[in-house]
Amino acid sequence: PAGRKTKTMTRKYFGTDGIRGTVGTPPITPDFVLRLAHAVGRVLKRSEERPVVLIGKDTRISGYMLESALESGFNSAGVDVVLLGPLPTPGVAYLTRAQRASLGVVISASHNPFPDNGIKFFSAQGAKLPDAWEAAVEATLMEDPVWVDSASLGKTRRLDDAAGRYVEFCKSTFSSDLTLRGVKIVVDGAHGAAYQIAPMVFHELGAEVVAIGCAPDGLNINHEVGATHPQALVEAVRRHKADFGVALDGDADRLLLVDAQGRLFNGDELLYLLADDRLGRDEHVPGVVGTLMTNMAVEVALKARGVTFVRARVGDRYVLEELEKNHWILGGEGSGHLLALDKHTTGDGLISALQVLQACVRNGRGPAQLLADLHLFPQVLINVRMLAGQDWKSNTRLAQETQAVTDELGDTGRVPTPPSGTEPPLRPTVDPRAGDSVNILVVGSDNRDGLSTAERRRLHVGYKDYGERTDTMMI
C-alpha cells in the first residue's frame, strides 16, 4: 500500500482500529460485511490479479456469521480465502506476512463485551493499513458491486496448523539461552482468541502454568476476566502463590502483568521496563513513543536517561506511525498495547509478556525491583460521555475549565483531552506530581439540553494512591 499518512482522512466506517460496533446494528451486519469484503477485494485486485486473504477471529459467537459473510464477499470479487479459526490479532498479522498473503483480516472487537464485534485489516507486511487505503475501500463501497463470473470466483481453504505456527513464532522471540523453568505463571486469556495458545506458549518455554479465562463459550469474552478486569488475575496469583500473572484481552494484543505480591503493572510501566532493560544491555534506544495519555513520569524518567520521548494520538496505529517516522523500535499505551518492532510488526500481548519475563529472568529480579526508579505521577481519568452529535472541541465551558486546571498545574502536570477511538467517552486525564492538589473538572447534564452545569471540585491526589482513578460524568 501507499505510504502511511499522518493526517486523518474523513471516513464514514473506519475508526482508529477498523470498523467496530454492536452486532445486528449497522455496520456490523452480515449484509454490510459481505459488501465490505467485496469492496476490499476489488481494491486488492487493482494491483494483484489473484489476491489471497487470511481471516482470523476471536471467540465471539457472532464470529461465525461474520466470517461467512466475509468469505462470500471476497469470493464474489475473485479473491481466495484462507480461514485461520480463532487466533490472536497479532497472530493474523504474523501469518499474513509469513504466508505471503495479500491481506489479513481479523474479526474482533478486542476488549469490548461480546455483543460487539468488528473487522480490522493488516497489510501483506503484517502492518496496519494507511488512511488512504481505508478511504479507497469506503469509496468503493459507494459503487455498485461487480460480481466476477463463475470461473473467476475465489476459493476457500482452512489452514489447520495456524495456532501451532504462531506458537512457534512467539517462542522464537524469547532468548534461546533462557528458560521459564521453575517459574509459575497464571495466564488469563479473557476467554478470548488466545485461550489455547497463551498457556501453550508459556508451558513450552518451561513454565508451570495455571490457566484462567481460557474457557470461551461465545458469550463470555472479556467478562470479569482479562486485561480489562485484572482483579481476577490478582486474586488467582495470590491464591496459587504464583510468581507472575499475565492478562490478555479478547484478541490478545494488549498485556497487563501481576507480580508475586499481587501488584499490577500497566502498559506505561511495562513500556519503561522494556526500554530500561535494553539500555541496561547497552542497546541503543534513541527514542520511545507513548500517547497523550501516557503517565508523565515515564517521559521524565526516559529523558533523564537521555532517551527522547514522543507522544502520539491515542491508538496503537498512531504509535506505530510515530515509530516508523522516527525509525524507532519501542512504543506503547497505558492500556497494555506495546510495540517492539524488532520482534513483531504490531502490538502483541504474548510477545510483550515474554519480553518482560525475559528481562526479569535475565536480571534475577521482579518487575517491582526493575521499576524501583520509576515513580508514577498520580493520575485521574475522567470519562465524559457526550450527547449524540455534540462537538466537544467547540464546547467553550469545557475548554475554559480544562484551561483553568492546566494553569493551576503549570509544569507539574498536564491535562490531555483525547477522545476514545473505540468507545463513546471523551477522556480528560490529569496527572500531577505526587502530593499536589488539583482541581478536576466535573461536568453535569440533564441529558436533554446538552451542557447544563459545570463545577470544579478539589481533590488531593496523594502518592499512596498513585494508580489510575476513574470518574464518569455526562455533558
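1. Start at the N-terminal end of H8, which Asn266 caps: one of its side-chain oxygens lies 3.1 Å from the backbone nitrogen of Asp268. Keep in mind that this is a predicted model.

2. Helix H8 covers residues 267-280. At 1.5 Å a residue, its 14 residues should span 20 Å. The end C-alpha atoms are 20 Å apart, so expectation and model agree.

3. Is H8 enclosed by the rest of the structure, or exposed, and why? It is largely enclosed, because 13 of its 14 residues are buried. Buried here means under 20% relative accessible area. After H8 comes Asp282, with a positive phi near 65 degrees.

4. Strand E2 spans residues 52-57. Five of its six residues are buried, so E2 too is largely enclosed by the rest of the structure.

5. Which strands does E2 pair with? One of them is E3 (residues 80-86), in the parallel sense, over six bridges. Within this pairing, Gly56 has Gly85 of E3 as its bridge partner. Between E2 and E3 the chain passes through helix H2 (residues 62-76), and this β-α-β crossover is right-handed.

6. E2 also runs parallel to strand E4 (residues 103-107), joined to it by five bridges. Here the bridge partner of Lys57 is Ile107 in E4. As background, strands of a sheet pair through backbone hydrogen bonds, either parallel or antiparallel.

7. Now the open sheet. It has four strands, in the order E13-E12-E14-E15, and its pairing is mixed. At the edges are E13 (308-312) and E15 (338-340), each pairing on one side only. On average, neighbouring strands of this sheet are turned by 15 degrees against each other, direction ignored.

8. Look next at E12 (residues 287-291) and E13. Five bridges pair them in the parallel sense. Gly287 stands opposite Thr308 of E13. Helix H9 (residues 296-304) packs on the sheet and touches both E12 and E13. The direction of H9 makes about 155 degrees with that of E13.

9. Which strands does helix H10 (residues 316-326) lie across? They are E12, E13, E14 (330-332) and E15. H10 runs at about 155 degrees to E12.

Conventions
Residues numbered from 1 in each chain as written. Predicted model: local features only at pLDDT ≥ 70, side-chain atom pairs only at ≥ 80, totals over all residues. Heavy atoms only, no water. Helix = DSSP H or I, 4+ residues; strand = E, 2+ residues; numbered from the N terminus. Expected span 1.5 Å × (residues − 1). Buried < 20%, exposed > 50% of the residue type's maximum accessible area, 1.4 Å probe, protein only. Polar contact = N/O pair within 3.5 Å; in protein donor to acceptor, adjacent residues only side chain to side chain. Pairing = 2+ DSSP bridges. Right-handed = clockwise from strand over helix to strand, strands pointing away. Axes fitted to C-alpha atoms, helices over the stretch in contact; angles between N-to-C directions. Contact = heavy atoms within 4.5 Å.
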